[in-house]
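Hi everyone, thanks for coming.

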Amino acid sequence: MDEPINLSMFMKSDQETAAKNLSSYEKDMMEALENVLIADFEEAAQSFRNAANCMDNLALLREQKIDLDNATENLNEKQKETIRRNYF
């Protein structure tokens with residue numbers, strides 16, 4: 001990849017794992033394309049499956065961050081509502 005991806009879309013605790021998955025994805029895609037060029041389609045297919053697994057892992061990590069952000073936002077709203085009811 002030419003530009004590094006912004007890892008802030010993942011939880012801080014998952015950013016290293018996400019970076020490793022991105023690196024593996026890039027490596028697997030390159031291997032897959034190289035294998036297609038030499039007509040080694042079995043190996044290409046395996047490399048594409050490996051790349052897809054990396055994307056599945058990244059999607060899961062991203063969803064976990066979204067869920068955490070949503071839960072935090074909901075909690076903050078409930079806290080604001082409680083403060084408004086109790087103090088105003």
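When I say helix, I mean a DSSP run of H or I with at least four residues, while a strand is a run of E with at least two, and both are numbered from the N terminus. Asp69 and Lys65 form a salt bridge, with the closest N and O atoms 2.9 Å apart. That term covers a side-chain nitrogen of Lys or Arg within 4 Å of a carboxyl oxygen of Asp or Glu. The general idea is that side chains of opposite charge can pair when their charged atoms come close.

Quick word on where this comes from. This is a predicted model, where local features need pLDDT of at least 70 and side-chain atom pairs count only at pLDDT 80 or more, though totals for chains, interfaces and linings use all residues. Residues are numbered from 1 along each chain as its sequence is written, and side-chain values use heavy atoms, with hydrogens and water left out.

Back to our pair: is Lys65 buried or exposed? Lys65 is buried, at 16% relative accessible area, and Asp69 is partly exposed, at 34%. Buried here is under 20% relative accessible area, exposed is over 50%, and partly exposed is in between, using a 1.4 Å probe and protein chains only.

Now over to Lys27. Which residues does Lys27 pair with? One partner is Asp28, where the closest N and O atoms are 3.4 Å apart. Another is Glu31, with a closest N to O distance of 3.5 Å. Lys27 and Glu31 are four residues apart in helix H1, residues 15-37, which means about one helical turn lies between them. As for accessibility, Lys27 is partly exposed at 45%, Glu31 is partly exposed at 32%, and Asp28 is buried at 6%.

One last stop: the loop between H1 and H2, where you'll find Ala39. Its phi is near 65°, a positive value in a residue other than glycine. Ala39 is partly exposed, with a relative accessible area of 47%.
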